[in-house]
Amino acid sequence: MKSIFRFIISALIFSSTTQIVQAQILTESNLPIVVISTDINTQTNQPLEILDDPRILATMQIISRPDGSRNYITDVSTTEFLNYNGRISIEIRGSSSQATDKKGYGFTTLLADNVSNNNISLLGMPKENDWILNGLAFDPSLIRDYLSYNLSSQMGNYAPRTQYCEVVINGDYRGLYVLQEKIKVDGNRVNISDLLPTSTTAPNLTGGYIVKSDKTTGGDPVAWQMISNAGGVDFIYDTPEPDVIVNSQKNYIKNQFLNLGVQAAFNNTSISNGFPSIIDIPSFVDFMISNELASNADGYQFSTYFHKDKGGKLRAGPVWDFNLTYGNDLFQWGFDRSKYDVWQFSDGGNEGAKFWTDLFNNPIFRCYFTKRWNELIQPGQPLKHNNLVNYIDAIVSQISEATVRENIRWGTIPDHALEIENMKLFLYNRINWINEQLGSYTACANVAVPNLVISRIHYNPDVSATFPISDDQEFIEITNASNQTVSVTGIYFKELGFSYQFPSGTLGPNQRIYLASNPTVFQSKYGLTAYGQFYRNLSNSSEKLILADAFGNTIDEVTYDDATPWPDADGNGAYLQLISTSLDNNLASSWVNNSSGNLPTTLFNYSQSLHISPNPVQSKMELSSLYSIGTVRIFSSLGQELLVLTTSANKLEVDVSTLTSGVYIIQSQYDTGNSFVKFIKQ
């Protein structure tokens, strides 16, 4: 503790590349130190003041030693200890928080020309150029936003990434901040497609959008209003921005919300035209759980984001602005709304649009809400109370010394230890109260889903004179691995980055269908008609594909990769093929690469007709089949091709004596399909 106060009482004069800076209170920290020096006003010869508008130019250094050791403000010019050293444009941000002496800021990293955006990683976060310095306004705990964003992330959702830091501006110590991502369209943030002004007809018209219900103090006009039980709710276009979005796009996204309001009000749970056909139910459930766990006094009404990808469903989130939570409110202005024993979507205040209450009151939606809540409070899960307590303690330990400096600078933390204990007690009471309000979720506990399997993935096709565009050749095969006709109505891919929703229809027993990025090219290359066209191209490195029913229940899930141990199907003309639909297709060993130009339309299990004897084998084995065996390939368990043989007979002797002991895969290529059988070399 003595060392902490030694830091606090000292002041340091040091030389910067731009000016002499006096760092008050702060000399060193266990956290990164952000030093901002605004440009000089040529008229007054003084540093420019940061305004709400317009942005001004500045230089920023982030002192963060790569080994994670302590950071010293004297290292502002030590290159190897600077995480960033460059130009920014900066402004004050926030609404009610602007009433505080300590401001929050938004800034953009710039190249040296002071105009071009500089996409760069800050403190380990993915490269981008738009960032926030969250001043933690009205939060005496200093952890509410940080806690809430990271809990949402632990629940499996995108939420702004965060890093604590201490900030000095023009020599003035400004205190503890959270450097965090701004919500925007980006592959590493809100992973939806860009929407161009020319995208005025489907399918391009369908996404991507970010909209929010919020205050209009930022200057953006109200896009439309929706009713709530306590008044009206203003919706605002975020992306595309209000001055960019065109009328057809305005009407499209507005009608998505209006239709949601109607279908939720009428309890329409049809997977064809009810609210399950409009929204991604898991994202709405998780968004409500985040807001209700925190008892967010602003939840649903303000800082409430939604997004929609091209060809995808409307989704809730990401979470944002959780300072009036966990029992905290604007007490100095007479508010006290964050209670442990109320539902914030129906508390008579900031309830948000009526569809939130209507959704919760719907038995099916509420069942999924209850099911998900009970998953998240189990041992080892993020919302289990003792896990929350441990996580809070870890956060508090991280900022403990900065908290002292923060309070000396601003005097806004009456008793930090008591504040944290009150938060823990609030969470204990809140979790118990929610448990008491929720009933059974038996009706949605074990939902039967069809036996559909993602069985082929062509994620990075090679190019040729005939087919010069790789992305146009992508496809996914889905197999009905059952002997029953199944309905595909309402089925969709629920992970952002890849979009497809099945129209009303059925899939016959053992039938295979293909989804293509360009159905015309697919027809030309394979002579087959694609079942449908997907939107967003498959990643050439790794991507998670989750096939789900209309309520978000997972049917099948694959996360492929272009690196070992996955078979090599990366730009070499091969695609990934599942050895058997009975295998776990999330395991690399269940796949091989295949460069055949023939694609089957039905599941005929040639593997049942291909026999290996003996198996396990020491030196030689015999292959026998009811059909002409054709080309035989042997692969390692990592997908590496080791041996190729060809025959037109129904039997073939294969010498495997040179192979090392282990598990191998043998492929026999027939005229209309392939068989894949595993064998063991002793």
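Helices (H or I, at least four residues) and strands (E, at least two) are DSSP runs, numbered from the N terminus. The model is predicted: local features need pLDDT of at least 70, side-chain atom pairs count only at pLDDT 80 or more, and totals for chains, interfaces and linings use all residues. Residues are numbered from 1 along each chain as its sequence is written, and side-chain values use heavy atoms, with hydrogens and water left out.

Lysine 102 sits in the loop between β7 (82–93) and β8 (104–110). Its relative accessibility is 8%, so lysine 102 counts as buried (under 20% relative accessible area, 1.4 Å probe, protein chains only). A polar atom of its side chain lies 3.2 Å from the backbone oxygen of glycine 135. Contacts (heavy atoms within 4.5 Å) of lysine 102, leaving out residues up to four places away in sequence, include Arg174, Tyr177, Glu406 and Trp410.

Two cavities of 30 Å³ or more occur in the structure. A cavity is a set of points on a 1 Å grid over the protein atoms alone where a 1.4 Å probe fits but cannot get out; lining residues have an atom within 4 Å of a point. Volume is the space filled by probe spheres set on the points, which are joined across faces, edges and corners.

The largest cavity holds about 60 Å³. Of its 13 lining residues, Gly312, Lys313, Arg315, Phe493 and Ser499 are the closest to its centre.

The second largest cavity has about 50 Å³. Its lining includes Ser148, Met155, Phe322 and Leu383. Helix α4 (281–294) contributes the most, with three residues.

Methods: 1 Å grid on protein atoms, 1.4 Å probe; cavity = no way out; pocket = protein on both sides within 12 Å on 5 of 7 lines; lining within 4 Å. Buried < 20%, exposed > 50% of the residue type's maximum accessible area, 1.4 Å probe, protein only. Polar contact = N/O pair within 3.5 Å; in protein donor to acceptor, adjacent residues only side chain to side chain.
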